[in-house]
Amino acid sequence: MSDNQDRSTELVEQVRAALAAGTRLAIQGGGSKSFYGRAVEGEPVTLQGHTGIVNYEPTELVLTARAGTPLREVESVLTDEGQMMPFDPPDFDGNATVGGAFAAGLSGPARPWHGSARDLILGMRLINGRGEHNRYGGEVMKNVAGYDVSRVVTGSLGTLGVITEISMKVLPRPEAECTLVLEQDPTAATLAVENWFREGMPVTGAAMHEGRLHLRLAGSASAVRVARERIGGEKLSDGSAWWQGLRDQTLPFFASDLPLWRISLPPSAGNLDLDGDRLFDWNGQLRWLYTATPAAELRERASSLGGHATLFRGGAPDAAVFHPLTPGVHTLNQRLKQAFDPDGIFNRGRMYADI
Amino acid sequence: MAASVYRSEDLTFTVDVEALLQRLGNALEPDSLLVDEESKRPFECDGLSAYRELPLVVALPETVEQVQTVLTICRDLGVPVVARGAGTSLSAGALPHPQGVLLSMAKFNRIVEVDNARRIARVQPGVRNLAISEAAAPHGLYYAPDPSSQITCSIGGNVAENAGGVHCLKYGLTVHNVLSVTIVTMDGDVVTLGSEALDSPGYDLLAGVTGSEGMLGVLVEITVKLLPQPPVKEVLLAAFPTVDSAGHAVAGIIAEGIIPGGLEMMDNPAIRAAEDFVHADYPVNAAAILICELDGNTEEVGDQLNKVRGLLEQYGANDIRVAANADEKARFWAGRKAAFPAVGRISPDYYCIDGTIPRKRLAEVLRRMEELSEEYKLRIANVFHAGDGNLHPLVLYDGNVPGEFDRTEQLGGKILELCVEVGGTVTGEHGVGMEKINQMCVQFEKGALEQFHAMKAAFDPAGLLNPGKAVPTLHRCAEFGAMHVHGGKLPHPDIPRF
Ligand SMILES: Cc1cc2nc3c(=O)[nH]c(=O)nc-3n(C[C@H](O)[C@H](O)[C@H](O)COP(=O)(O)OP(=O)(O)OC[C@H]3O[C@@H](n4cnc5c(N)ncnc54)[C@H](O)[C@@H]3O)c2cc1C
Ligand SMILES: Cc1cc2nc3c(=O)[nH]c(=O)nc-3n(C[C@H](O)[C@H](O)[C@H](O)COP(=O)(O)OP(=O)(O)OC[C@H]3O[C@@H](n4cnc5c(N)ncnc54)[C@H](O)[C@@H]3O)c2cc1C
């Protein structure tokens with residue numbers, strides 16, 4: 001268990017000093033996502049050592065932790081109470097931190113059914129670009145006082161400020177879990193999974209690769225048993241390891257050094273019609289693709305299907321990592337950055353060159 | 001004329017009324033522009049009728065282009081604009097500005113598409129919440145957030161308030177169920193935020209706009225997620241001898257790992273009022289009742305029903321009923337859904353408060369509310385979203401008795417401050433609007449309020465959208481005098497006192 005240590009005063013001082021000196025800052029959690037996003041130059045601000053679970057009330061379904069707390073620690077505390085972070089029970093064996101997780105805003109395979117990081121956040125404390133350390137949201141389930149700053153900051157990759165504390169909603173861990181493997185092509189599988197979900201089957205994961213559907217069921221023991229009988233297929237003996245491998249990208253599919261694209265699409269978006277090896281998660285709404293297709297062509301294709309494409313890993317370091325924004329949205333993004341970080345000191349360029 | 005509800009600092013717009021009317025007249029059909037007092041009257045307040053103002057003019061655009069034009073005219077002439085959906089807001093969010101345009105979105109009432117395969121509905125903002133579920137029903141789908149006002153309130157108003165409802169414990173608030181919105185900004189730009197995919201590049205502006213109370217842009221189209229109707233629903237009703245025991249039962253159910261589709265509590269005054277009104281056969285002698293809805297597949301609900309029944313007994317419920325059929329389910333819910341109008345029948349007026357607390361502080365908060373009720377000599381009935389800790393104390397008063405509304409407002413303010421004191425918030429779902437703006441000074445530090453203003457300016461630099469609402473100026477807080485005192489320093493020594 002990490003130390004219970006509040007370094008926020010020190011962090012505020014570091015930000016204020018940088019502000020006074022006109023220095024740029026690069027925020028670091030555990031560094032597990034250092035490959036993700038555009039390169040940033042700046043004096044490092046590390047959240048290491050700013051740790052500890054500040055409040056955890058199992059019956060309130062709320063956990064508050066300092067941003068540098070390892071996810072693994074949060075996970076273990078939750079497991080002891082039979083609870084979890086619902087967007088996917090994480091089991092990271094690295095240094096990934098709570099702050100980094102919400103700053104990255106990525107979610108695991110359960111996302112379409114259990115929501116995302118932004119869905120589960122209740123509040124945060126943030127040091128903004130004026131060196132002010134403020135609280136937004138709170139620790140209660142329902143709160144609409146003020147703008148929803150916590151959600152806006154989730155997924156902003158440290159470009160709006162230093163997150164020092166996160167309050168999130170947690171949920172009971174399901175009583176039973178089971179992973180089935182079925183031979184099915186992605187189109188048929190997508191439709192089948194949707195229908196099982198509509199029939200009330202407790203689906204919490206659906207990923208397709210090389211003609212095989214991995215389907216995760218989780219819920220009450222009785223519901224999982226009945227769904228298993230109804231759906232058929234072969235039961236995977238260590239299902240949870242497989243899902244962990246998918247989420248943490250340790251499955252053999254992810255071993256390649258080629259540029260890896262993350263393509264997020266609407267449901268039933270159909271075929272991307274692009275060459276390359278691919279894996280479907282989120283019942284087809286998230287596609288991982290290794291391709292030689294030029295970025296512009298790939299993005300145009302993703303856009304035309306109503307989605308977007310991120311160069312998740314690899315590729316030329318100065319390539320546009322994130323999907324270009326429409327001009328109106330881009331302007332609002334720039335103005336929002338201004339509103340939080342008027343001098344542009346935080347993670348400059350990590351998302352977009354001018355943000 | 002009575003003094004304005006607005007403060008003088010929010011009434012400093014210099015408006016060329018003639019130019020405004022002329023340009024609006026060129027942009028809209030005559031019947032889409034209401035200028036005479038009689039036609040404007042129906043728009044003078046929303047669901048919080050204690051606050052009233054007449055706008056300069058009411059505009060009822062029919063197309064996105066007309067919305068753009070109206071906003072552009074207002075920007076050019078420096079005129080404030082208040083968007084309005086169905087006007088059911090309980091925080092005076094849609095209260096008109098006396099120097100401005102009230103922009104009614106009532107004519108945006110089309111369901112553009114319901115796509116069964118993708119489980120989405122694309123709708124205009126004036127569509128009623130319930131109409132979406134009705135349109136989705138033939139496909140076995142529904143829209144989960146269900147504010148009690150769902151027959152009337154608009155989806156645009158729901159997005160602006162991040163509305164919640166009975167189903168929100170399990171299925172989330174509006175923010176969890178909206179995929180994308182198209183807004184018109186005060187610059188007159190049409191911008192789509194979010195998408196039909198599960199995430200979008202850039203900042204999560206969709207989350208920023210949701211719950212922003214009409215302060216950042218005017219919503220002109222909304223795409224919502226639809227969910228399959230659960231195959232099975234069971235509804236339980238349990239009577240408790242004390243409010244405390246009911247509160248403990250709520251925590252007990254959740255500790256057991258059960259997240260009900262809905263978990264609502266009513267105290268004795270609310271039970272009696274509801275029973276007199278809808279004759280739901282509620283146990284009128286109970287100190288509190290819990291209504292618990294379990295939904296999902298047959299097996300899961302079956303398991304949960306047994307567990308919940310056991311827990312309710314264990315926590316001291318003395319009358320536990322499971323609805324036998326659809327009629328009885330509807331009857332169990334009818335009283336809760338009609339609680340507000342029911343209370344309206346036992347008192348000339350009532351004032352609905354909305355705050356959230358950590359659930360474990362419930363008993364303490366109820367006790368202190370009782371003390372406040374005695375101190376202010378005003379009765380309080382309580383209905384709440386127990387699973388979420390979202391309280392709706394209803395303060396009963398008589399507007400015809402001089403001074404009684406003022407006392408009611410003060411009592412309301414005290415209750416909200418109590419919510420903040422125990423670690424909660426001044427609004428769980430109704431929004432800040434004009435009503436709770438002073439209490440925002442209690443909940444937020446100066447820096448946070450400044451950050452909110454900066455965020456507002458990113459969307460609306462001239463501050464023309466819904467001025468005077470949602471986020472107080474520091475000036476206002478200094479006068480309200482209740483800002484946090486940090487490190488023993490006086491709040492805002494830099495702000496001049498009056
Ligand atoms: C339940 C769950 C499921 C997940 N599923 C997946 C998945 O399927 N796939 C996947 O790739 N990842 C997934 N993650 C993502 C995981 O979030 C990240 O890998 C990791 O948590 C990042 O943490 P880090 O401390 O290593 O961040 P870093 O790599 O250090 O930082 C990542 C980014 O966040 C910024 N940052 C870090 N800390 C802060 C802070 N305190 N304030 C402001 N900015 C900060 C950094 O500047 C950088 O831009 C999941 C996380 C959770 C909790
Ligand atoms: C009996 C009763 C029960 C209620 N129960 C609940 C409940 O259970 N849960 C709950 O959350 N609320 C409840 N409410 C409050 C209210 O119904 C909600 O806040 C609702 O979301 C308001 O919708 P509306 O269309 O009436 O909005 P309005 O009252 O017209 O406006 C509310 C706010 O939204 C803004 N707005 C409206 N339309 C737009 C638009 N198109 N673009 C930008 N801004 C816009 C307005 O400017 C204003 O700030 C209840 C109200 C009543 C009277």
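## Interface between chains A and B

In this predicted model, 71 residues of chain A are in contact with 84 residues of chain B, contact meaning heavy atoms within 4.5 Å. About 6200 Å² is buried between chain A and chain B, and carbon and sulfur atoms give 57% of that area; buried area is the accessible area (1.4 Å probe) that two parts lose on being put together, summed over both. On the side of chain A, the residues that lose the most area to chain B are Lys142(A), Val144(A) and Tyr147(A), which together account for 16% of what that side buries.

## Numbering and confidence limits

Residues are numbered from 1 along each chain as its sequence is written, while chains are lettered from A and ligands numbered from 1 in the order in which they are written. Local features need pLDDT of at least 70, side-chain atom pairs count only at pLDDT 80 or more, and totals for chains, interfaces and linings use all residues, with side-chain values based on heavy atoms and with hydrogens and water left out.

## Polar and charged pairs across the chains

The structure holds 44 salt bridges over all chains, a salt bridge being a side-chain nitrogen of Lys or Arg within 4 Å of a carboxyl oxygen of Asp or Glu. Between chain A and chain B the count is 7 salt bridges. One salt bridge joins the side chains of Lys142(A) and Glu429(B) at 2.9 Å, N to O. This pair crosses between chains: Lys142(A) lies in the loop between β7 (133-137) and α6 (149-153) of chain A, and Glu429(B) in the loop between α15 (404-421) and α16 (440-443) of chain B. Helices (H or I, at least four residues) and strands (E, at least two) are DSSP runs, numbered from the N terminus. Another salt bridge links the side chains of Glu194(A) and Arg119(B), at 2.5 Å, N to O.

Between chain A and chain B there are also 33 residue pairs in polar contact, both at pLDDT 80 or more. A polar contact is a pair of N or O atoms within 3.5 Å; within protein, one must be able to donate a hydrogen and the other to accept it, and residues adjacent in sequence count only if both atoms are side-chain atoms. Helix α11 (residues 327-340) of chain A supplies 9 residues, the largest share of the side of chain A that touches chain B. By class, that side of chain A has 31 nonpolar, 21 polar and 19 charged residues. Here Ala, Val, Leu, Ile, Met, Phe, Trp, Tyr, Cys and Pro count as nonpolar, Asp, Glu, Lys and Arg as charged, and the others, Gly among them, as polar.

## Domains of chain A

Chain A is assigned domain 1 (3-172 + 334-340), domain 2 (176-247) and domain 3 (259-313); domain bounds come from an automatic or database domain assignment. The C-alpha centres of domain 1 and domain 2 of chain A lie 31 Å apart. In the contact between these two domains, 10 residues of domain 1 of chain A meet 11 residues of domain 2 of chain A.

Domain 1 and domain 2 of chain A bury about 810 Å² between them, with 60% of it on carbon and sulfur atoms. The count between them is 0 salt bridges and 0 residue pairs in polar contact (both at pLDDT 80 or more). The side of domain 1 of chain A that touches domain 2 of chain A has 6 nonpolar, 2 polar and 2 charged residues.

## Domains of chain B

Chain B is divided into domain 1 (4-104), domain 2 (111-228), domain 3 (232-342) and domain 4 (348-481). The centres of domain 3 and domain 4 of chain B, taken over C-alpha atoms, are separated by 27 Å. Their contact takes 18 residues from domain 3 of chain B and 17 residues from domain 4 of chain B.

Domain 3 and domain 4 of chain B bury about 1300 Å² between them, 65% of it on carbon and sulfur atoms. In domain 3 of chain B, Met265(B), Asp267(B) and Phe340(B) lose the most area to domain 4 of chain B, together 40% of what that side buries. The two domains share 0 salt bridges and 5 residue pairs in polar contact (both at pLDDT 80 or more).
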